[in-house]
Amino acid sequence: MRTINKEDGLAPRVPYMNAAADGGRTDNNTLSIVLVFFDVRERSITVAIRRSIEGLLSSLQNELPQPLNLSIIYRDNPPIAQPEHRRDEFHRIMHGIDGSIKIGITEVGLCDPVPPSRYLYAIDCDNHASLLSLHRFRQESTGTEQLLQRLGKGIVKAFGMACGLYHCNDQGCFLTYHMGELDFDTNMYVCKRCRADFVHALQSPGTASGETAHREPRRFGEVIPILARS
Ligand SMILES: [Zn+2]
């Protein structure tokens, strides 16, 4: 496994955030948010994802009582032979990374074990962790700009999953249910209620019920059930 590295030139630029190279907490009062890039080194993608998360955290900053630490680390994709084992391998790695909230990013396609078979945009890894797969984003986007815009929204959705927040009923919200890539294009904001839920979840990671009046309950166990648009 590769040694942990903070990404060169990508130290968080938001003043309140403390940079950390190890992905761990800087002290007991600091909330540690970790982006884990699995063999994803394309700079435009890492920058777009980091900036999206930074933007969200910055907008929530004044509502959070504790400081935030955003760190970026790299891992190799696990050597996975069988598609059905991919989720377990990523879960294992994500659970071994220290941090309050952890979001992985990989190019590896993640199949939904629940029929009909399709690739998923993101999965919940439990224990305050989630994993975003670039596979369908790349397949379904027609250009770099569109890809980066959609990834900027997809990473917020994955962040919400790691915080225990599931499908928002507001179709304009990044956290809504996604049937296909076109649904990302209708997402324009993080709605007020999801912002409040983020604040609540970040204040006490693991306590968010994820099932408030504006949010659909978690379905199919750990999977975001995103159907391919036909
Ligand atoms: Zn929402």
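**View 1. The whole chain and the confidence of the model.** Of the 230 residues in the protein, 42% are buried, a residue being called buried if 20 or more other C-beta atoms lie within 10 Å of its own, exposed if 12 or fewer do, and partly exposed in between, with C-beta atoms placed from the backbone. This is a predicted model, in which local features need pLDDT of at least 70 and side-chain atom pairs count only at pLDDT 80 or more, while totals for chains, interfaces and linings use all residues. Residues are numbered from 1 along each chain as its sequence is written. The mean pLDDT (the predictor's confidence in each residue, from 0 to 100) is 81 for the protein, and 76% of its residues reach 70 or more. Over residues 1-26 the pLDDT is below 50, although this stretch has 59 contacts in the model beyond near neighbours in sequence; two residues are in contact if their C-beta atoms, placed from the backbone, lie within 7 Å. Residues 219-230 also stay under 50 in pLDDT, and the model gives them 27 contacts beyond four places in sequence.

View 2. The protein has six helices and five strands, where helices (H or I, at least four residues) and strands (E, at least two) are DSSP runs numbered from the N terminus. Followed along the sequence, they give the pattern β-α-β-α-β-β-β-α-α-α-α. A right-handed β-α-β unit is made by β1, helix α1 (residues 43-60) and β2; right-handed here says that, with the strands pointing away from the viewer, the path from the first strand over the helix to the second runs clockwise.

View 3. Five strands form an open sheet in the order β2-β1-β3-β5-β4, with mixed pairing, and two strands pair if DSSP finds at least two bridges between them. Because β2 (68-75) and β4 each have a single partner strand, they stand at the edges, and one side of each is left without a neighbour in the sheet. Strand β1 (residues 31-38) runs parallel to β2 and is joined to β2 by eight bridges, and Val34 has Ser71 in β2 as its bridge partner.

View 4. Strands β4 and β5 pair in the antiparallel sense over four bridges, with Ala122 standing opposite Leu132 in β5. In the loop between β4 (122-126) and β5 (129-133) lies Asn127, which has a positive phi of about 50° although it is not a glycine. His128 is found in the loop between β4 and β5, and its phi is also positive, near 65°. Is His128 buried or exposed? His128 is buried, because 23 other C-beta atoms lie within 10 Å, whereas Asn127 is partly exposed, with 13 such atoms within 10 Å.

**View 5. Helix α4 against the sheet.** Helix α4 (residues 144-162) packs on the sheet and touches β3, β4 and β5, and its direction makes about 155° with that of β5; such angles run from 0 to 180 degrees between N-to-C directions, along axes that are lines fitted to C-alpha atoms, for helices over the stretch in contact. With 14 of its 19 residues buried, α4 is mostly covered. From its first C-alpha to its last, α4 reaches 26 Å, close to the 27 Å expected at 1.5 Å a residue, the expected span being 1.5 Å times one less than the number of residues. After α4 comes Gly164, whose phi is positive, near 85°.
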